[in-house]
Amino acid sequence: MYQDTVKGPRPRFPRTLVARSQEKENEDKRVEVVPFIGVEDLENGPRLVDRILCPGSAKGVVMWYAEPSESAEEQVLCRDVRPQVLPFFTVLGSVCLTTAVSNGNCFDTVLPISITANNIELKLSAPRNQQELTDIWTRATSLTSNVTAEIIGGPVTNKATYKIWTQLCVPSKPDAAKTVEFAVHGVGFDHTYWNFGGPGSKYNYVEAALKAGHAILIYDRLGTGQSDKPDGISKLQFPTELEIASELVKYLRAKPRGNQFNRVVGIGHSYGSVTLLSLVGKYGNVLDAAILTGFTAGGGLGLTAFAAVGWTIAAQQNPKRFGSLPTSYMTTEGISNSQSFFFRYGNYETAVLQAAEATKATATLGELFTGAANPALNYTNPVFMVTGDKDYPFCGGNCYQKINGTNLVDASKVVFPAVPESKFSTFIPAETGHGNNLHLSAPEAYGKIQDWIAQL
């Protein structure tokens, strides 16, 4: 049991809550979220609490409790952090962990996101074993597949509230436009796709954004990382993910933590790019600019790539990390599958491939069978598309193959028909596979992206 260390008058903490928290460590034993005590238990405003309610694996944790509010859904976030810890920062309705990073400060918050989504009835049961899952994907990726037609039913409403882990990083020296980037990761990753390698890593996109003076919000999509993990067929579907993204954009527009952002730029990778395309397709100019990476409009070329993934029941592939998940949650079979899907041999570090495999995330049957986007007919703001020339799932391994005389990346302008040609730009990193941020070309791509934003 920890000795509670409190600066200022001591809040009243129920002893049962302390005991219960120690039994609730999450799967990687780094982070846990436990219910926050009611606001009536706070005395005299915020209090600094050192390691209270945190598991023994949480080192150097410092938390600030929120100011008393009408919300009783506040939570405590315990996490391993770097030695640097900033002064307190409070936010209405949640409690956050604050850490210092290069060129800025980051705030980890678990947000309750309420959505109403138009999900789809899927005539599909969770696979009873690996053979059933393999059969589903063998049939789904066949050239004459009719699996989608067999399982897609009518619309069904999903009205729910999900806990979504977010990290908002704010630069020490913001740009004149007060830009915030909204980053949506793809399948096979969680939020760490955007800060891969941690502090000082050349693969850390968050640091590139902060250095350019941009704030950035990264988050664990529903079903990944530290966010909620609902049923992987009926609940965790693309329409639900779309509405969560929409609510997070609203959150950025509403002065989070007192920060006024005048420009919201969406950046997605793969499934995250499809999410942004659908977001502006449904809601128009809710983004001031959109950057789609690991994406082209030639998505049909990905059938062979999806077969190469070797979709495996996550709980069987890695029982230690995924053992509590239902069989509708899947992951790649092994490191060779991850390599073929995300990497271009010769332009990545072996250690990066190994780290990506060790930290890979899951996908669900529900989100993959409902993940499709239509052209964004009413979106007119700038678009920048950045896709590696050897992207396997979206280009079949060659993005320079032509459609009506135009390469696949440039030809993807077709899904943004209302965007003027002058506002549509592309960049194709050389010798780069689907996982843009994990290649040696990442720093060049980051520079191109930040330069593009600066010219908006």
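Strand β14, residues 329–331, pairs with β15 in the antiparallel sense over two bridges, where strands are DSSP runs of E with at least two residues, numbered from the N terminus, and two strands pair if DSSP finds at least two bridges between them. Within this pairing, Y329 has T364 of β15 as its bridge partner. The model is predicted, so local features need pLDDT of at least 70 and side-chain atom pairs count only at pLDDT 80 or more, while totals for chains, interfaces and linings use all residues. Residues are numbered from 1 along each chain as its sequence is written, and side-chain values use heavy atoms, with hydrogens and water left out.

The open sheet consists of three strands in the order β13-β14-β15, with antiparallel pairing. Because β13 (312–313) and β15 (363–364) each have a single partner strand and stand at the edges, one side of each is left without a neighbour in the sheet.

Helix α5 covers residues 238–253, a helix being a DSSP run of H or I with at least four residues. Of its 16 residues, 13 are buried, meaning under 20% relative accessible area with a 1.4 Å probe and protein chains only. After α5 comes K255, whose phi is positive, near 55°.

The largest nonpolar core has 112 residues, such a core being a set of buried Ala, Val, Leu, Ile, Met, Phe, Trp, Tyr and Cys residues joined through side-chain atoms within 4.5 Å. To this core α5 gives the most, with eight residues. Among the residues with the most contacts inside the core are I244 and L252. Leaving aside neighbours within four places in sequence, L252 is in contact (heavy atoms within 4.5 Å) with L168, V180, F182, L217, F261 and V264.

Definitions and conventions. The expected span of a helix is 1.5 Å times one less than its number of residues. Buried means under 20% relative accessible area, exposed over 50%, partly exposed in between (1.4 Å probe, protein chains only).
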